[in-house]
Each structure stands twice: as structure tokens, then as C-alpha cells.
Amino acid sequence: MIKTVFVASTEPYSGKSLVSLGLVNMLLGKAQKIGFFKPITGQSIQQKKDNHIDTILSHFDLPIAYDDTNAFTWQEAMRQVDTESQGEMIDTIIRKFKYLEDKYDFTVIEGTDYQGEGAAFEFEINAQIAKNLRAPVIIVISGEKKSTAQIVNGSLTAIRNFDSREIQVLAIVANKVSEDNVQDVQELLTQQISSEILVSVIPENKSLQNPTMKEVLEKLNGKLLFGNEHLSNQVDNFVTGAMQVPNFLNYLKENVLIVTPGDRGDIIISALQANLSTSYSKVAGIVLTAGYQPEEPIVRLIEGLQTVVPIIAVQTGTFETSNIVGAIRSKISSGDTKKIQLAIDTFNKYVSIPELDKRLITFKPSGITPRMFQYQITNWAKSNKKHIVLPEGTDERILKAAARLISQDIVSLTLLGNKDEILALVSRLDINLDLNKINIIDPHQSEYYDDFVNTLYELRKTKNVNMEMARDMMTDVSYFGTMMVYKGFADGMVSGAVHTTQHTIRPALQFVKTKPGISVVSSVFFMCLPDRVSVFGDCAVNPNPTAEQLAEIAISSAESSQRFGIEPRVAMLSYSSGTSGEGEDVEKVRRATEIVKQKRPDLKIEGPIQYDAAVDPVVGSSKMPGSEVAGRASVLIFPDLNTGNNTYKAVQRETGALAIGPMLQGLNKPVNDLSRGCTVDDVFNTVIITAIQCQDK
């Protein structure tokens, strides 16, 4: 029974951290508890923590103590070898691994970084560890600056070396392969390697391989003068500014780092101006050498600019500084969420998850964790891709979420807004959005405009809407986007990052309307708590529902819970549990519970019940012994908007829970509302749940 996998390389800078990130992300969608173990770390004596362990633990919020994730630093391991204590070293590694294995459903092990002097010796240590831990391996080979033949031969040699030591190879990943060689490498490896071994080829990606300005600052040990907010800028090229300005400008390339003496005010100013100009490529940053800093008039001029790239001062000369910059190897660090997400997206794109899944054990523990939930809904959305319209196409959060959705191929998208404005924003904010894969529609200029106006007029003329009013309304992105959904040009809509809830859903209520048998539109949040996912309804739409409406909300929420893979156990919340309480409010909840039982006798439901009795097993068994719901509720229905909205926000704040939603229930076609304080993650997740709703149509 496989409960672990070993990510191994045979050389430095292979990019195995990308594979580890992708693996952990994948497995967190399959199992409740994932461990991570790097037996021998690459940290120096000066470093307190290994960079990659820190990245994995912090990004995925794994509840593992750092000391449990490793056994030795490389220097400590070498001391063990030198004193002929290698057996004791392996014993320690096995003991520490077994501790993790007993606590976690699956453990990802990562091999050494090959920062030592002997690659063959280091390979032998990794092979010993993998064999002693009985862990199958995923081999990561670097294709950087290698020919097709070199990559293929290196891969075959690595597989043979593990096979000869009776270590099972699950997969081979050829990483950083030149775009021109990708297809050849894939075909040759597939032909020459056993079909039992998964072959994946990942093309080289500058965004992963090149350093950020923060890494440049740290490597040069420089002093940051300006541009702290842009330290995430990526450096794809660098140039020495030692010539006259006209000649210097000819050497500017995209995401360029300029290395120049600090007294070259002309170079500094022209570089900053070029960065602001649409005629020149983006400047990543400036390094000022030889201990010089800009003179006071130059500093005053820079301070008056709205956008300033990072400017770093160093003591070293221009030639030495350029050599150091050229030798920088980028690492994926815990704070670099953009690069981490890109690594995960790259893994998902180029490694066949279903095929890898077949080679790994799949766990199905009871309940569903937040990471499992997010992994599951993303896969559901991908399985039947839908078209979502985003009316607020000029909002930065919308554009960043759109970039993630498109890069992961989760949905098709239409953005509403002025095309030139959207293109300018994407360029200025450096958003990696493939504009060839989205639709951009300006309602004022759209070929659909007249048809949509006529349709709106016909639908609303009995409500005193004349043709002129219809024309005016259809210039509103909310009306236009909703009409796209109504007419079938889009499957669903997500809005509200800029507009109010009323502005977002009013058009849907006017002509998309509710499903047959549904009298009220309601909402749910998927509350991703540390150990479970709960459904909260209604926390966004209905201020004070009647008993009949409350029953309808409960049934809709239970159906939503079921649809999203969460077994519905419905708690009708009130300020008292069972038959103890009296009063109009508790009576409403009691009556609503009875209505649900009559309409849906198949549902597990309890009410009225207090929140603690609904979610805490000890309190639940004490207050309502024998209940199928008490202490185990997965769907919590609040009696009114005031209670629901405040409770979900309190739970979110106090527990750090991720709240996905609100998701509107009851409409004929999916339209969902964002909060105006939403994050990029909120937009991303809401589009995914909207896409899943669309699959039911």
C-alpha cells in the first residue's frame, strides 16, 4: 500500500520544488492529512530554515512542526558520513519519517538539492533513503541548455540507476525543456520507457526561472532606495548603463534590470521615463553601483513620480555587480505567491493528474476538507467547461482572477467594458492574461445591443419600460451581462466587485426569474473551516424570511450541499434547542422545520437548534441525544439576515475560514453576487461554483 512518494533529482536546479508543490496541492484534494518530509536540507549554517520546506508549510498551511519535516542539514549529514555513522543517519531518517507516516494519510518526501561536490555520491544517498523508506520515486530531470539526446539519455540513465537498486519509478518529469524540443523529448521518452512509468515534459518558463527584484536585492546585499511595492517585479534581462542615453535606450528589453553607476542621473531618469512610456519595454528595476547614490535634485524628481521601479544601491563596481546578477538562480519562496501559483498551474497543465492518480493510492476519508473541496470543485468545473460573463471587466481583481481561470483552463470568459481600457490595465498591472482566449465586449458597441434592447422592452413593457428606457438600461453592464445569460450567449454571470448586490441581481429578478416552485431567491456560503466545509444560508439576501420561505431556503441549501459533495445534515438555527424555547422567532423556526420534513422526508434535519448544539458533538449529544444532526450539522440555516451575516463574518474572522460565495439559489440561470470587498481568490472561487451551477442546466 503506497502512502508516500519520493521526489528525486540527479542534478542541481532541476526544478523539483515545482513538482513537490504540484504534488502536495494535488494530494490535498484527495486526502485530509498530507505530510511533507525533506530528510536532508540544503540550508547553510547561517539559515534557520530550509527555503523550500518553509514555502510548502506556509503556502499550504500544513500543521507540521518544522523540526518534524527534516532530519539533517547537508553539513550534518556529511559529518555522519565522515565519521562512518551513515547507518545511524539512515536510522534517524527512518524514525522521523515513521512518525509522520503514522500521523498523515500521505507523505511527500523530497530529495537533496545537489549543492554538494559529488553528484554520484549524493545520488547514492538519495537512493538509500528512498529504498529504506520503501518509497517509489518521481524523477525530475533538468532540460536547461540540453539537447534532446542529452535529456533522453539522462532520463534513461536515472531510471536504470533506480531500477538497479530495486526502487520503483512512478514517473519521470523532464523540466525546463526548450519549446523546440518538447515534442521530440515526449515522443522519444514515451517510446523508450515502460508504459508503467508516467512521462511528463515541462517547457522552460522564464517566469519561474528568472529572479525577482527582491531576490536581486538579497543576493547583492544592497540598500533599497525606492520601489519597495514593486520588489515582486521579475527580471528577464539585464543591461549595463554605461553609454549615452540614445544608445542606452536601444538596449532596453522586456523586464530589464539596469546596472549603472549611481552618479549617472541621466540613465536613471531616462530608464524611469521609458518604464512609463508605452513605446518602451517594462523596466524591472535599477541597480546603482560603486557606492554612488543619486544627487539631491534627482532624488527630488524621483520622489515626485507616482510609479517608481525598485532602485538599489550597492558598493560593488558595475562589472562585479553584473556578474553577480547574471549568476542568480531564482528560488520559489514562501512570500512569492505569484510564482507558487504559477508552479502549481504549470504542474497541473503538463503532468497528467489522472494518470499520476492511478499510480498513487487514492484516499476517501469521511468528511471533506477545505483543500479537498477546492480541488474537487475545480475539477468539476473543468470536466464540463462553461462560459461565464464578468461585467466588471475593468476591475483589477476581476482581471487577475480571469488570468488564473484562463491559465488553468477552467472556464470560458467574456469581460464587459471598453476594450482599450481593459488592454491598458492588463499591460499596466502586468497581468498575465492571455487576451486571445477571452471575449471582450463593450455594450455600447456590441452587435447584440439592438437585439438585447428589443428583448428587454418586450419583457418589461408591461412594467412601464419604454424603448428609450430599455436602450438606457442596456448600456448598464449588469443588464447587458444578465441578458447574455438569459439569451444563452453565456451560461452564467458573476458581478458585484464594484456594484451593489441590488444592482447585480435586480436584472436577474426582473427577467431571468426564479425556478418553477421557488418563490424566493436565497444564498449560501461554503465556509471552509480548518477541518470541514459547512454550508451557511441565508447570509446575504433575505432580511426576515417567513416560515415558508425559511423552509424553502433550507431545502435549496440542502440541495446545493448535495450538489457540491457535502452530505446535507440540516440545522435550523434558533436561540433555543428542541422544545425548550418559546416565542414568535423560535416558533417560526419550528414551523419551518416541520414544513421541510413534510416536503422532503428524506432530509436529515433538526430544529430549532442552537449553533453550539449543531456543530459541537459534546454539546449536541447533551442537548439533543440521539439526533442525526446535532453536533454533526453540515448545513446551517439562519433565521434572518442579521443573524446569518454577522455569524458568517464572525466565524470567518475568528477562525480564519475561507468563505466561498455567496452563491445564489433559486434562479432559472446562475447569477452570483460578489462583495465589494472581495479578493482575487473570492472572484476565482465564485466563478468556479457558478460554472458548476451552470452544469445543471
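**Helix packing and sheet arrangement in the predicted model**

Residues Ser 17, Ser 20, Leu 21 and Val 24 of helix H1 are in contact with His 52, Thr 55 and Ile 56 of helix H2. By class, this contact of H1 with H2 comprises 3 nonpolar, 4 polar and no charged residues. The structure described here is a predicted model. H1 spans residues 16–28 and H2 spans residues 51–59; their axes come within 11 Å and cross at roughly 20°. Because angles under 35 degrees count as roughly parallel, H1 is classed as roughly parallel to H2. The handedness of the crossing of H1 and H2 is right-handed.

H1 also lies across a set of strands, namely E1, E2, E5 (106–110), E6, E7 and E8, and runs at about 175° to E5. An open sheet of 6 strands has the order E2-E5-E1-E6-E7-E8, and its pairing is parallel. Ile 139 has Ile 172 in E7 as its bridge partner. In the loop between strand E1 (4–9) and H1 lies Tyr 13. Tyr 13 is not a glycine, yet has a positive phi of about 55°. Most residues other than glycine have a negative phi.

The chain passes from E15 through helix H18 (residues 419–428) to E16, forming a right-handed β-α-β crossover. Leu 415 is placed opposite Ile 440 of E16.

A second open sheet is described next. Its 6 strands follow the order E21-E20-E22-E19-E18-E23, and the pairing is mixed. The edges are formed by strand E21 (604–609) and strand E23 (658–665); each has a single partner strand, so one side of each is left without a neighbour in the sheet. The twist from one strand to the next averages 20°. Strand E20 (residues 569–573) and strand E22 (residues 635–637) run parallel and are joined by 3 bridges. Ala 571 stands opposite Leu 636 of E22.

In E21, the proline is Pro 608. The bond between Gly 607 and Pro 608 is cis, with omega about -5°. In E23, the proline is Pro 662. The peptide bond from Gly 661 to Pro 662 is likewise cis, with omega near 5°. Most peptide bonds are trans.

Helices H24 and H28 lie across strands of this sheet. H24 lies across E20 and E21, running at about 170° to E21. Helix H28 (residues 680–694) lies across strand E18 (522–528) and E23, and runs at about 40° to E23.

H24 (residues 584–599) also packs with helix H23 (residues 547–563): their axes come within 8 Å and cross at roughly 50°. H23 is therefore oblique to H24. The crossing of these helices, H23 and H24, is right-handed. On the H23 side, Ala 547, Glu 548, Leu 550, Ala 551, Ala 554 and Ile 555 meet Lys 588, Val 589, Arg 591, Ala 592, Ile 595, Val 596 and Lys 599 of H24. The contact of H23 with H24 has 9 nonpolar, no polar and 4 charged residues by class.

For H28, the partner helix is H17 (residues 396–407); the axes of H17 and H28 come within 8 Å and cross at roughly 55°. H17 and H28 are therefore oblique to each other, and their crossing is right-handed. In H17, Arg 397, Ile 398, Lys 400, Ala 401, Arg 404 and Leu 405 meet Val 680, Asp 681, Val 683, Phe 684, Val 687 and Ile 688 in H28. The residues of the contact of H17 with H28 divide into 8 nonpolar, no polar and 4 charged.

Conventions. Residues are numbered from 1 along each chain as its sequence is written. This is a predicted model: local features need pLDDT of at least 70, side-chain atom pairs count only at pLDDT 80 or more; totals for chains, interfaces and linings use all residues. Side-chain values use heavy atoms; hydrogens and water are left out. Two strands pair if DSSP finds at least two bridges between them. Helices (H or I, at least four residues) and strands (E, at least two) are DSSP runs, numbered from the N terminus. A crossover is right-handed if, with the strands pointing away from the viewer, the path from the first strand over the helix to the second runs clockwise. Axes are lines fitted to C-alpha atoms, for helices over the stretch in contact, and angles run from 0 to 180 degrees between N-to-C directions. Angles under 35 degrees count as roughly parallel, over 145 as roughly antiparallel, 65 to 115 as roughly perpendicular and the rest as oblique. A crossing is left-handed if the near helix is turned anticlockwise from the far one by less than a right angle, and right-handed if clockwise. Contact means heavy atoms within 4.5 Å. Ala, Val, Leu, Ile, Met, Phe, Trp, Tyr, Cys and Pro count as nonpolar, Asp, Glu, Lys and Arg as charged, and the others, Gly among them, as polar.
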